[in-house]
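Please consult the sequence and structure shown here alongside the text.

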Amino acid sequence: MSSIEFEGRAVELKPGDSVASALFRAGVRIFSRSFKFHRPRGLYCLTGDCPNCLVTVDGEPAMRACCTPAQPGQRVRRDMGWPSASFDVFSVFWLLRWLLPVGFYYKTFLHPRSLWPVMDKLIRRVAGLGEVPRDLPHVHRETWHHHPDLLVIGGGVAGLSAALAAAKAGQSVVLAEEHGFGEKLAGGETKNRVQSLLAELRAQPKATVLERAAAVGIFEGPLVPIDGPDFLHYAHPARVVVATGAVERHAVFPGNDLIGVWLGRGAARLAGAHGIAPGARVVFAGDTAESLEHLTVLRANGAQVVLAALPASLASRAPTGVRVVVGGKLVAARGRSRVRAAVVESPAGREAISCDALVVSVGLDPRDGLLRQPVPGLAVVGAGEVVRPGMTVAEAEDSGRRAAVGRADVTGDRDLPGAPQAGFVCLCEDISAGDLEQAWAEGYRSTEILKRYSTVTMGPCQGAMCHAHLRAFAKAKGGPTWTSGPTTARPPIRPIRLEDAAAGLGHLIDMRTALHERHLAAGAAMELAGPWSRPQTYGDTLAEYWAVRRGVSIMDVSTLGKFLLAGRDATEFLERLYPCHVRDLTEGRLRYAIALNEGGYVLDDGLIGSLGTAGYYLTFTSSGAEGIESWLRDWIETWKLRVHVVNQTVPQGAINVAGPRARDLLQRLTRDAIDNQTFPYSRHKEITVAGITCRALRVGFVGELSIELHHSRSDSVKLWDALLEAGRELDIKPHGMDALRMLRLEKGHILIGQDTDFDSTPAKLGLEFAVKMDKPYFIGKPALQRIASTGMEQKFVAVAFEGPKAPFEGAALMLDGSHIGNLTSARFSPVLGHGIGLGWVRRRNGQFPTAVEAVGVPGKIIHGPFYDPKGDKLRA
Amino acid sequence: MIGLLRKQVHLRTNDLKPHYDVVIIGGGGHGLAAAYYLARVHGVRDVAVLERSYIGAGGTGRNTTIVRSNYKTPETIAFYKKSHQMFLELGQELDYNMLVTPRGLLWLAHSDNQLRLQRERAALNQAFDVETVFLDAAGVREVCPQLDMTGGGGKHPILGAAWHPKGCITRHDAVVWGYAAASQRLGVHVHQGIEVTGISTEGGRCVGVTTTAGPIAAGVVMSAVGGYVSNVARMAKIRLPIITHPLQAYVTESYKPAFDRVVASADLHIYISQSARGEFLIGAEIDPYTSYANASTWPFIASASARAIDLLPFLAKLRILRAWTGACDMSPDYSPVMGTTELKNFYVSTGWGTWGFKAIPASGLSMAELLATGKVPALIAPFRADRFRDDRAISERASAGTH
């Protein structure tokens, strides 16, 4: 015999059991404790709409027991209550409810000031529906995409009929049913029709049927994520039919939360689908057309119906042998935690009938959250009870067929229940009709504000039970229309786990240059720069540094942004784009360039190389590369110029050969002329190195002779190996980012993003040389003209610190003990023997400082680079 | 406790008058706070706050409720520090518990660049007497042991953080209701369901507004409409340096207390806290496009979830209950825009982007002083709307969810 474990004891299972039905059969009546007053709560709706049966299943809290199929071996416990849900000390809150009125925490705990932090801890401990599951493994899921002609959400009669009609008409169809097909039905004609329609639909070649797959919402795209047992399905439909049916209306009357009070469809399901009577003595109060069916199902499964209060329209057709009170009105349920009696009022008077179950049907509300999330450009129509609750099977089938061809049934204004008088309006948050009255009296006078103040509709049911009552309450108060309008329906329609929502995401994006394995083999510690991995150091940063300054070194700079530009308007485009001149750049020349935004602020920097008639070769920083491409394309489109952009960042590798002996090294591997006369600083040319065609760029970021070799990525390893091999006699060492940061800092070169801010103008950075204000136009020129006369409040400076200690990067720069700026870069300079840094200073009394202090280290503000200020070395 | 037994009326319905000394457009935190301080500090009680929907319908009711002062420029630190201090006493001041609870805020760094920025932030905060300290990875683990220091298996390793122990979370709606109730007690009118349809001018100065309930004359008019400020500016025929982006957030179902901190990550653009109700509140960066649509998007829900799990793996099984979206009035430098405009007697409090909620008390106090005296208080002088024209941006790299 299969069983599940419930709080330490075995509970037997029968075929078709849900966790709820198995526990109920085993005698469990208290399924949960309520959020605020810890009231005992039992099964109520059995359709997954109310919060009463939230339990922990296999360590996962807040699972709806009624919609969780029972699986042998499951471990189930109740979420709330101490020491247990059956006997809960915190239920004393109900007795103290006069101390805990709606919004009580807004009105108290203010004095003394130390009280609130204590109360906060207490309230937190008592609140909360379940323990956070800590030991369950994170399941990484993937997405599965569907592009159907029609997506049908809901697998009842209307939904199946819509899907079948579309499939028969040759359309591709996806149908998603949140639970098991027919699972929520008591039986009878509806269930039979569901089974036969389903069988027909499954036989259709172009129909995909998803079971236990809940649509989460309808989003722009269009995109309907569907949370299935296997995948997070992504449906991108041309049309959507919503057939999510109706939820039985929560009945608000005194005692309505007692255990043993059932909604009609819930009681009928327990009896019809699971063969369990909700009670031995049942009082039945039904107003809906299907009430008679419920009555029959209940009696057929062993419930003794001691009284049925029915409207005259139904009373004549009531089964014989039941005492019927025609026009009887349910007034209250009595009992302490379980219902003991129902009070029914009729023209004959008021009477209390003892019972252990009270089944109530007061109406149906469409489960129309998905219909209230309109997505522009997507046709979404309703079918079945979501349009008009209370349909017959035949009507629902018709409605589905109409929806399949895009014809929505006409919906009237949603009928609201009568204003709640007494009883719990909101089961999730324990909000009574009296609480709403009080909040209204305090001035919270619209549905939206009542919701936020009382938290009604904000619990696990997200308003399924209480939203209509909230509106009815506000409407009865007679304020302006907006005060009783519906509150906004917010996704997700059904709660979804974070890990399920994250399906298909969260993969590690790890971009590697072609030399990645070489770096690892050389013992490099890698660092991340955006998605790129780059060598930080090969172990001895200082040795790497000295190799550049005194000998020769290579660095993998493949992550630099690299672009080819061509087309009729390429020159014109770059003239407008850059603040420097471009037209005068003859073939083979390179120019340092900064990129500005419209505000005149520096975006990025890099090089422009002219390729003559072939166009231009542009470089940008590694971190800028990704954004720069869209920036380039935006401006090309804006100006409607004929320019072609080819992003070479990934396909082109680049290796920088740097150091006084760089030329020595290259001459061993090339026959092309690279002497200082034919190939001076600031030039580029195509050369062949170790048999590999390279574009060589004479640049100067590290302050020594250096030649960047840009080449096809597929040749990177061969080139790297050849350079290392040929350089062995020169004691070559590759260098990483750490050494590079020291080298560039000694030259005073900025790192975009590290040294610059959003409002860094060329003037503040000391980069005026890269801006030619005599040009007719460039991006940012109007802004720079405008601010030319306003003067600078902040300026970027170089600081030479006393002594070998460099302050940390980010340190505050102080003058006479108060803040005057901040240090953006700082390192010890081996070649100079003291600390150096770059940073921002502000004016004080109109003057920029000439000396500052950072973490106690005094420093002087200097002009020009720290190292080789005239640039002789890089021009050597 | 006595407060519970006393019959209370917090919010009142006022009859609309044809003239007010001051009309404030927008019944969010900023508008209501300005009205309150006008009445409380300056004795200006003939004030109307006009709200087209319900009070708190905009950004004040759609944020992640964080109050902090660990900003990145001297100007913003001074301003937010004042606001943070005011928040700590606001409940007593307004006789309304805002549930202000210090949780401590960790600003995580996953890259060298962010490490440096968080160090810089701590140093700058300390220079201006704001308690922020830099923590290395071991220090982070100590303050918040639940964090996955590998950031989801090496995707976003946690290298350090700026720790701001006085960072608070609050109940955002309570700030709206508290200011509304307290200002109404002092005679301020709060009108809901009335939309401003035009700004009336005479001889180059603002003389009132037209509304769906008729014209209202006013001595001075202030806009505090958050994300919709461009529409109001258009009515006033002025241009503001503001564009509007959506910002999204969601909460999970309610769970027992499991997480006491507020965790933010600049690299991952995400912040996470657990409310007093037990819901986990997760927010992310602004959407990359301008829009007034208040619709939640799936890419946000999905990617915020993935990032949240990378930082706090125990979140994986929690269930998302409700997502929402707000409209953010973004300024070019991520700092607010407060003060006078080209139109005389028309003032703005805007540019609140993703940082407006925590600024409500200081902004209200300062704008009230400006409206009452006509003089710009020193605290907000740097935030003038025309600062961009002469390159006096207040570049704020410590705003949340922006860059």
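Helices H7 (residues 264–274) and H8 (residues 291–300) of chain A have axes that come within 9 Å and cross at roughly 35 degrees. Axes are lines fitted to C-alpha atoms, for helices over the stretch in contact, with angles from 0 to 180 degrees between N-to-C directions. The model is predicted: local features need pLDDT of at least 70, side-chain atom pairs count only at pLDDT 80 or more, and totals for chains, interfaces and linings use all residues. Residues are numbered from 1 along each chain as its sequence is written, while chains are lettered from A and ligands numbered from 1 in the order in which they are written.

**Helix packing**
- Helices (H or I, at least four residues) and strands (E, at least two) are DSSP runs, numbered from the N terminus.
- In H7(A), Gly264(A), Ala267(A), Ala268(A), Ala271(A) and Gly272(A) meet Ser291(A), His294(A), Val297(A) and Leu298(A) of H8(A); contact requires C-beta atoms, placed from the backbone, within 7 Å.

**Contact between chains**
- Chain A contributes 77 residues and chain B 79 residues.
- Helix H4 (residues 115–126) of chain A supplies the largest share of the side of chain A that touches chain B, six residues.
- Strand S29 (residues 496–497) of chain A pairs in the antiparallel sense with strand S17 (residues 319–330) of chain B over two bridges; pairing requires at least two DSSP bridges.
- Arg497(A) stands opposite Arg319(B) in S17(B).

**Ala441(A)**
- Ala441(A) lies in helix H11 (residues 433–441) of chain A.
- Ala441(A) and Ala503(A) are 62 residues apart in sequence and 47 Å apart in space, C-alpha to C-alpha.

Technical notes: Contact = placed C-beta atoms within 7 Å.
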